[in-house]
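Please describe the fold of this protein chain.

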Amino acid sequence: MRLYLVRHGQTDMNKNQMFYGWTDVDINAEGVRQAKRLREYFREVQLDAIYSSDLRRAAHTAEIIASGKKMPVQYQSAFRELYYGDWENQTTAYIKEHYQEELQGWVTDWKERTMPNGERFSAFYHRVARGVDALIQENRGKQVLLVAHNGALSALLCHLTGAGMDGFWRFDSKQGHYSSVLISGSWTTVESINHPLVLAGESSCK
């Protein structure tokens, strides 16, 4: 099985460096442009299924890509981002100013300590792991594209490669790129991370 991984397109909240795990915002004009380039790229790639987080920024990105294949999108809440609780819809600067003690505690023990009223990282990690295990079980031998969030994709890659929660900060998924993993039995091979898009008629040398 080959699993293509795509982070949702840019949002205004990305630009403003905000915490917005479950805040359901859409992609902006640049995010739409990124999704359309992904659509053109994957138009020529064999896909058997397209999955997405059910949050709008991921769903809209997936829908644009799927329109080039005339395929439905399967939405799953398992691939949502970490829920930030009281930090949702707040800037990094605001959190540093108003939640200094809580932020320091979370940074020190990020796997088990939650932000105020937020989701425990270990629960988030296992949620994503269960989701991708089910996806793999349903799609053995197929080629599948999944659109999700940076944190969810990092957790997914940690789970599939055996890096575990401690490896979470090793991965960073860029918007407008894709990654791919080949899954065979109990083995996962990372084929590419943040692969840039080169469309027909474009040069790879810029």
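The report below takes the sheet, then the helices, then single residues.

## Basis

This is a predicted model, in which local features need pLDDT of at least 70, side-chain atom pairs count only at pLDDT 80 or more, and totals for chains, interfaces and linings use all residues. Residues are numbered from 1 along each chain as its sequence is written, and side-chain values use heavy atoms, with hydrogens and water left out.

Helices (H or I, at least four residues) and strands (E, at least two) are DSSP runs, numbered from the N terminus. Two strands pair if DSSP finds at least two bridges between them.

## The sheet

The sheet is open and has 6 strands. Their order is β4-β3-β6-β1-β7-β8, and the pairing is mixed. β4 (73-76) and β8 (187-195) form the edges, each pairing on one side only. On average, neighbouring strands are turned by 20° against each other, direction ignored. Axes here are lines fitted to C-alpha atoms, for helices over the stretch in contact, and angles run from 0 to 180 degrees between N-to-C directions.

Strand β1 (residues 2-7) runs antiparallel to β7 (residues 178-184), with 4 bridges joining them. R2 stands opposite L182 in β7. β1 and β6 run parallel and are joined by 6 bridges. Here Y4 has L145 of β6 as its bridge partner. Strand β1 is mostly covered, with 5 of its 6 residues buried. Buried means under 20% relative accessible area, exposed over 50%, and partly exposed in between (1.4 Å probe, protein chains only).

Which strands does helix α3 touch? Helix α3 (residues 56-67) packs on the sheet against β1, β3 (49-53), β4 and β6 (143-148). The direction of α3 makes about 160° with that of β3. Helix α7 (residues 150-161) also packs on the sheet. It touches β1, β6, β7 and β8, and its direction makes about 155° with that of β1. Contact means heavy atoms within 4.5 Å.

## The α6–α7 pair

Helix α6 (residues 121-138) packs with α7 at an angle of about 70°, and their axes are 9 Å apart. The two helices are therefore roughly perpendicular. Angles of 65 to 115 degrees count as roughly perpendicular, under 35 as roughly parallel, over 145 as roughly antiparallel and the rest as oblique. The crossing of α6 and α7 is right-handed: the near helix is turned clockwise from the far one by less than a right angle.

From α6, the contact uses F124, Y125, V128, A129, V132, D133 and I136. From α7, it uses G151, A152, A155, L156, C158, H159 and L160. These residues divide into 11 nonpolar, 2 polar and 1 charged. Ala, Val, Leu, Ile, Met, Phe, Trp, Tyr, Cys and Pro count as nonpolar, Asp, Glu, Lys and Arg as charged, and the others, Gly among them, as polar.

## Positive phi

Most residues other than glycine have a negative phi. Q17 has a positive phi of about 55° although it is not a glycine. Q17 lies in the loop between α1 (12-15) and β2 (18-19). At 60% relative accessibility, Q17 counts as exposed.

N194 is not a glycine either, yet its phi is positive, about 50°. N194 is placed in strand β8. Its relative accessibility is 15%, so N194 counts as buried.

Leaving aside neighbours within four places in sequence, V190 is in contact with T161, S180 and V181.
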